[in-house]
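The exercises below are meant for a reader who is meeting this structure for the first time.

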Amino acid sequence: MDFRNINPLNVKLNRFSGNLLPMTSNDSLFPVAWRIYSAVIWLIETIQTSAVITGILIVPRNKALQDATVGLVVTIEVFFLLRQMHLHRDLVTQLIQKLNEILCSEDKTMKIIVRSTLKPVEIPLKFYCTVGTISLLVWCCMSFTVIFKKNYFLYEDYRLPIVLSKQPFSIEIFLLGNCIATIASVYMFIKKVALDVYMINLVLLATAQYRYIAVKLTTIFRENVPQNQSNESEKEYSTVDSLAVLMKMKALCRHHCNVVQITLMLKELLSLNMSLMYLTNVFLFCFLDVMLISAIIEDDVNDNVNDDVKPRCYRRLLSKEL
């Protein structure tokens, strides 16, 4: 049992997303094929990000706010988090090495605690990845319906405001832009999910060690309480096997020292990342809330237009026509 094989979902997402974060302590570099694959993904992401930034400056403000803000914030977050993880790659490798030294033990209690800690979050993370990817695909593919209505297209026809050529442009350019936007958006979301799973995996493995220490301490104390004593106030720890108990306690103290070192390394690695994730999530929540309220207010204003205004407008139009 080690960091690599304890969570298959973490390994698969790390490779498929192209993040290529370390999975072992002695194999920080991935094969050439995976590195080329990651470079191609980053090229697509760079093209899409550049096109979206240009599109935001050209399309109407409402279109830019509604369709590009969330994606741009997520892109900035992923770029920053990955940059931080790769800048501290040596620290990540050392952290994985420390974890592997603990996880490689044949202690059944360790295996049970680690698996019971990781198991509850496995299904929610898979659900998060699957439903999020499908929803994003549906949202991006909605713009393909425009091809049945037009022969020439504008920047506003894209679901994401991207700029690849001068408008108006042909259906070929429109389809190419939509494909790039869809692929890049899906991969950016998967990169974010892979980062979340990677960091959650590190935190849960460190958390499991404190549970392990508590269970082992309880086991040691219980094993050394005499069975023939009924009064709890008179119970004393058995000294028959005091040497074995002393060895177990020393081993547990060394384990605790290693866990403290892991916690400090984890704090140095993830403190800034967690702060950024908190801020971006608060911003996105507030932004979506404001956009929803604005949409509701706009609908109410349109529905509550004074009834005598419409006939007046119609009369003006009719008088102009006559």
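A residue is called buried under 20% relative accessible area, exposed over 50%, and partly exposed in between. The model to which this scale is applied here is predicted.

**Exercise 1. Determine whether Glu 122 and Lys 126 are buried, exposed or partly exposed, and describe how they are paired.**

Step 1. Glu 122 has a relative accessible area of 26%. Because this value lies between the two cut-offs of 20% and 50%, Glu 122 is partly exposed.

Step 2. Lys 126 has a relative accessibility of 39%, and therefore counts as partly exposed.

Step 3. Side chains of opposite charge can pair when their charged atoms come close. Lys 126 and Glu 122 form a salt bridge, in which the closest N and O atoms are 3.1 Å apart.

Step 4. The two residues are four residues apart in helix H5, so about one helical turn separates them.

**Exercise 2. Describe the salt bridge between Glu 77 and Lys 192, and state which network includes them.**

Step 1. The count of salt bridges comes to six. In one of them the side chains of Glu 77 and Lys 192 meet, at 3.1 Å from N to O.

Step 2. Glu 77 belongs to helix H3 and Lys 192 to helix H6. The pair links distant parts of the chain, 115 residues apart.

Step 3. Glu 77 and Lys 192 are both buried.

Step 4. A further pair is formed by Lys 150 and Asp 157, whose closest N and O atoms are 2.9 Å apart. Lys 150 is partly exposed, at 33% relative accessible area, whereas Asp 157, at 13%, counts as buried.

Step 5. Salt bridges with shared partners join Glu 77, Lys 192 and Asp 196 into one network.

**Exercise 3. Characterise the largest pocket by its volume and its lining.**

Step 1. The volume of the largest pocket is about 650 Å³.

Step 2. The lining consists of 28 residues, of which Val 70, Gly 71, Val 74, Leu 136 and Trp 139 are the closest to the centre of the pocket.

Step 3. Two or more lining residues come from each of H2, helix H3 (61-87), helix H5 (108-141), helix H6 (171-223) and helix H7 (242-303). H3 gives the most, with nine residues.

Step 4. By residue type, the lining of the largest pocket divides into 16 nonpolar, nine polar and three charged residues.

**Exercise 4. Carry out the corresponding analysis for the second largest pocket.**

Step 1. The second largest pocket has a volume of about 290 Å³.

Step 2. It is lined by 17 residues, and those closest to its centre are Ile 6, Asn 7, Pro 8, Leu 118 and Glu 122.

Step 3. The largest share, seven residues, comes from H5.

Step 4. The lining of the second largest pocket divides into 10 nonpolar, two polar and five charged residues.

**Exercise 5. Which residues make the nonpolar surface patch, and is Leu 43 buried or exposed?**

Step 1. Leu 43, Ile 47, Leu 164 and Leu 176 make a nonpolar surface patch of about 340 Å².

Step 2. Leu 43 is located in helix H2 (residues 32-58). Its relative accessible area is 52%, and Leu 43 is therefore exposed.

Methods: Residues numbered from 1 in each chain as written. Predicted model: local features only at pLDDT ≥ 70, side-chain atom pairs only at ≥ 80, totals over all residues. Heavy atoms only, no water. Patch = residues over 30% accessible without salt bridge, like charges linked within 9 Å, V, L, I, M, F, W, Y side chains within 5 Å. Areas by Shrake-Rupley, 256 points an atom, 1.4 Å probe, with all protein chains shown as cover. Salt bridge = Lys/Arg side-chain N within 4 Å of Asp/Glu carboxyl O. Buried < 20%, exposed > 50% of the residue type's maximum accessible area, 1.4 Å probe, protein only. 1 Å grid on protein atoms, 1.4 Å probe; cavity = no way out; pocket = protein on both sides within 12 Å on 5 of 7 lines; lining within 4 Å. Points joined across faces, edges and corners; volume = space filled by probe spheres on them. Nonpolar A, V, L, I, M, F, W, Y, C, P; charged D, E, K, R; others polar.
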